[in-house]
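Have the model open while you read.

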Amino acid sequence: MTTASAIGSKSGKPAQMFSLTPRDAHALARELVAHLGASVPPFTTLPADVMSGEVAAVARLCADWSIRRVNGGDLPERTDRLRAAAARWCRAGVPIEDVVHAVHEGFKSGLDLLFARARASDAELVVRGTGTALEMLDLITATVNKAYVQERRAEAADHHTAVHTLTSALLGGHATTKLARECGIRIADRYCVLAVWIPPHPDEAHPRLDQQVVARRKLRRVQAALAKLLRENPLAMLSVDGGTILISENACAETELDDLFTRLSELAGVPLTAAVVTVAADGVPEAAEQAHDLLDTVRRLGRGPGVHRFAELALQYQLTRPGIGRDILDARLAPLDSHPELLETLRVFFGTDLNRQRAARQLCIHPNTIDYRLRRIGQLTGFDPSRTTGLWYLRSALIARGSGDHDVRRPA
């Protein structure tokens, strides 16, 4: 930080010009570099050639700008050299807070030099110097911040493209080690393949809010939460409705998925539902198809959020597969279509684990009415609910019927 000012003498003689020249700027830059290298991390650990090279060059540049400005010049219109240097620091992993701290240290040193050279009567010198310091500080920190933001956005875009490319290749069955090297992402030996349903956020139905904006914000929360909770970034292809996530077993074992999705739902602000299949990398395409089929079954059966597995729903999954067996079971419930109260009673009865009292309370009817309706169901369908075989067939028929009850759309 340098300055120049007209200073009047006590004798009333014409004022003398007190100024700091470009030579002083070089001296200040050297003093600043020495201060940074001695006491301001991470500059304390940088090699001597870096400190005497790029760091010293940027310090001289800022000092020269300050001299020209305080001597009546304009603020620099182009800051390309500083922006380029800041971008290199960003790529090198230097935290932005360290760079901004170093900038403030530089201006503090400049003001210290200004005040040391100023006399008690040099009020104008101090005012002009301080004003210039604030102007330059604003310019330089804005330049550094903009360079870091642009660099981070470019890195994020490159990473997103790499993730999308490798995920598509794995799901398509044509991922190679060459492609993985080009993407900069290692292919794991085994993956937890998750088909994920992201339900609408309540705000998406708000009449005064933009539904698409709310949905995109929800998706960004899910993506940010995934990156935060996992040791390795997952490979994901997600839309606002859900999609597919590939999680390396090294990043999260299958037994940890339940806790992961509980936390993920909290951060996303919506209850997520997922179906998982764990396979070797070369089995990802088939596993993804199976996981989405299972997720369809989970949603059609009205199962709650969380992580669902084939071991828990093998029977339900098989009963909902298209074929003659499902068609026959579905047809046996056709007589109940004209008696919706009987069909609802059957659903509630099974939903309450065959408990007449609970089913009656839920339907707001007398328990004896439950008995009457169950007998009537047996007469119409030919499956007696009072017998184990009848109960088994009726339950199976409800599951098969449930596979067509809801419009389940797969996420894009």
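Which residues are linked with Asp-258 in a network of salt bridges? The network is made up of Glu-254, Asp-258, Arg-309 and Glu-312. A salt bridge here is a side-chain nitrogen of Lys or Arg within 4 Å of a carboxyl oxygen of Asp or Glu.

Before going on, some ground rules. This is a predicted model, where local features need pLDDT of at least 70 and side-chain atom pairs count only at pLDDT 80 or more, while totals for chains, interfaces and linings use all residues. Residues are numbered from 1 along each chain as its sequence is written, and side-chain values use heavy atoms, with hydrogens and water left out.

**Salt bridges**

The structure holds 11 salt bridges, and these are among them:

| Pair | N to O distance |
|---|---|
| Arg-88 and Glu-54 | 2.3 Å |
| Asp-258 and Arg-309 | 2.9 Å |
| Arg-356 and Asp-371 | 2.6 Å |

Take the Asp-258 and Arg-309 salt bridge. Asp-258 sits in helix H8 (residues 257-268) and Arg-309 in strand S7 (residues 306-309), so the pair ties together parts 51 residues apart in sequence. Helices (H or I, at least four residues) and strands (E, at least two) are DSSP runs, numbered from the N terminus. Asp-258 is partly exposed at 34% relative accessibility, whereas Arg-309 is buried at 14%. Buried means under 20% relative accessible area, exposed over 50%, and partly exposed in between (1.4 Å probe, protein chains only).

Then there's Arg-356 with Asp-371. Arg-356 belongs to helix H13 (residues 356-363) and Asp-371 to helix H14 (residues 367-381), 15 residues apart. Arg-356 is partly exposed at 28%, and Asp-371 is partly exposed at 23%.

**A buried lysine**

Lys-218, in helix H7 (residues 211-229), counts as buried because its relative accessibility is 1%. What does its side chain make a polar contact with? One partner is the side chain of Glu-204, at 2.9 Å; a polar contact is a pair of N or O atoms within 3.5 Å, where within protein one must be able to donate a hydrogen and the other to accept it, and residues adjacent in sequence count only if both atoms are side-chain atoms. The Lys-218 side chain also reaches the backbone oxygen of Val-240 at 2.9 Å.

**A hairpin**

Strands S4 (residues 235-239) and S5 (residues 242-248) run antiparallel, joined by 5 bridges. A hairpin connects S4 to S5 through 2 residues.

How values were computed. Pairing = 2+ DSSP bridges.
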